[in-house]
Amino acid sequence: MATEYFLRMGDGAKIFMSKEDIMADIEAGCADAADLGDIPSLSEDEMEKMLDIITSPGRIVGVEPGMEVPVTHDIGAIRIDGDQGNSGVGIPASRLVGSMIHERAFGADTMELGHIDYSYKPVKPVISQEQQTMEVCQQNMVIPMLYGAMPNMGLYYTPDGPFENPGDLMKAFKISEAQESIKSAGDHGIRDMVWIMQRLQHVGCDGVNFDTIGAAGDGDMYASLNSIEALRKEFPNMYINAGMAGELVLGMHGELEYDGTVLAGLWPHQQVGLAAKAGANIFGPVCNTNTSKTSAWNLGRSVTFMKSAVEASPIPCHVDMGMGVGGIPMLETPPIDAVTRASKAMVEIAGVDGI
Amino acid sequence: MNQVGVLFERGKLFLPHVMMAADAMSAGVELLQDELASGEGSAKLGVIVNGTVEGDVHDIGKAIVSTMLQAAGFEVHDIGRDVPLQNFIDKIKETNADMVGLSALMTTTLQGQKEVIELLKENGMRDDVKVMVGGAPATDAWAKKIGADCYAENASEAVVKAKELLL
């Protein structure tokens, strides 16, 4: 009987597979990305390296010395104070304390302040509180401190916002009305996001993280790219991270454009050029984990997408890694064996500049 | 529409395009109504109640599934997101639905899918209603564990699975 190696399914379940079966899954995952994105698959050597990483005997693995990359944290201090649904550990701590723990105990290279709702829209009524907290963080911390939240255009549609829900309109075959609603929500979102970041820049914020761009489809990306462009014009030295929600920009509108490019249907290597053009300093490409496939399949697919984004990118790529992204299983507390293997593969095979 | 479904799945066409195609197909079928055998082409494939379970406010994925099912010819009653579990039962009774679709995007709300199945059993409805589950943390193994009839990974697969179960 062939030796079997421990790995996981995309939902985190432990499984054991032979080297041959793991390699077959890596090849299939790479092929899926190459087919969908019309990008090169990984080479045989790269797939062999991935196989070595996955079958490495240690519980955790690490990058080779000299290949360490910056690590940036999202969601602010909620990881300390939040409950398990937020991947938090439920330790009561202020946001300042949480951020400083990340800086001084966890070795974070940059950090962000985030509100518990973690979307831009709900920050508007509490902007003074966010400004005060940001100012205190800036006075106490050394590493770059950004403000982060999700563009989350979903909050602009009924029942949460003023614009009619495009999903409802679409089901009623009101296609142009749905598209108009998405565009209007996007324009409203641009005003909100720019306004919020203007206020935070005034108290010494180092920059902004647009987290999960495209979560509500192409309208979400339209709003984010235009916000980035406006902020870059007003704050030439501001640090801007454009982090995506998934590998594909879904076309809820279908025809929205940025700089003459239709946003719907863009894959990571096509998204990054637009983010750079809008004025982002860093791009955060994402590949979602398929819970029904093995971590070998997911990692092969994810690294293939990320490698093509890195190669196409004029700016550094800090890949999004965590619960349900980057080849890591979909679990509230992602298993360390999968996290370290996926991270090592991203750095050493995809060549990402940071995580 | 089959070809549109393939292109949708590959990220080449999107919801508005699917709806435009479905609209055009309906108009075409209407024009050809007299040429077709009585009723053929216009009959609904089945009645489906679809929603995101209580505690979970995610709407978009479920809305895409509803739209794709509708475009494929099913009568779909989308009852929204964060839906109290009893509402699924009430709507199924009201519409005499053949299937219920249960969406959950969070591991913490997945349990709601199981609880709806339990409610169907308690109400003596389980044998008459097929159950489809979906959402990022759901899997085929989860569907089997809770006694659902199927798991669909995405909107295109939801259409295929619904047809398999109801036709």
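**Salt bridges and cavities in a predicted model**

Me: What makes the contact between A:Arg104 and A:Glu103 a salt bridge?
Reply: In this predicted model, the closest N and O atoms of A:Arg104 and A:Glu103 are 2.6 Å apart. A salt bridge is a side-chain nitrogen of Lys or Arg within 4 Å of a carboxyl oxygen of Asp or Glu, so the pair counts as one.

Me: Why is A:Arg104 called exposed?
Reply: Exposed means over 50% relative accessible area, buried under 20%, and partly exposed in between (1.4 Å probe, protein chains only). A:Arg104 has 54% relative accessibility, so A:Arg104 counts as exposed. A:Glu103 has 11% and is therefore buried.

Me: Which residues are joined into one network by salt bridges that share partners?
Reply: The network holds A:Asp168, A:Lys171, B:Asp59, B:Lys62 and B:Asp78. Over all chains, the search finds 27 salt bridges.

Me: What does the salt bridge between A:Asp337 and A:Arg8 tie together?
Reply: Their side chains meet at 2.7 Å, N to O. A:Asp337 lies in helix H11 (residues 336–350) and A:Arg8 in strand S1 (residues 4–8) of chain A, so the pair ties together parts that are 329 residues apart in sequence. Helices (H or I, at least four residues) and strands (E, at least two) are DSSP runs, numbered from the N terminus. A:Asp337 is buried at 5%, and A:Arg8 is buried at 9%.

Me: What lines the largest cavity?
Reply: A cavity is a set of points on a 1 Å grid over the protein atoms alone where a 1.4 Å probe fits but cannot get out; lining residues have an atom within 4 Å of a point. A:Arg8 and A:Asp337 are among the residues that line the largest cavity, whose volume is about 120 Å³. H11(A) gives the most to this lining, with four residues.

Me: How are the residues numbered, and what limits apply to the model?
Reply: Residues are numbered from 1 along each chain as its sequence is written, and chains are lettered from A and ligands numbered from 1 in the order in which they are written. Local features need pLDDT of at least 70, side-chain atom pairs count only at pLDDT 80 or more, and totals for chains, interfaces and linings use all residues, while side-chain values use heavy atoms, with hydrogens and water left out.

Conventions. 1 Å grid on protein atoms, 1.4 Å probe; cavity = no way out; pocket = protein on both sides within 12 Å on 5 of 7 lines; lining within 4 Å. Points joined across faces, edges and corners; volume = space filled by probe spheres on them.
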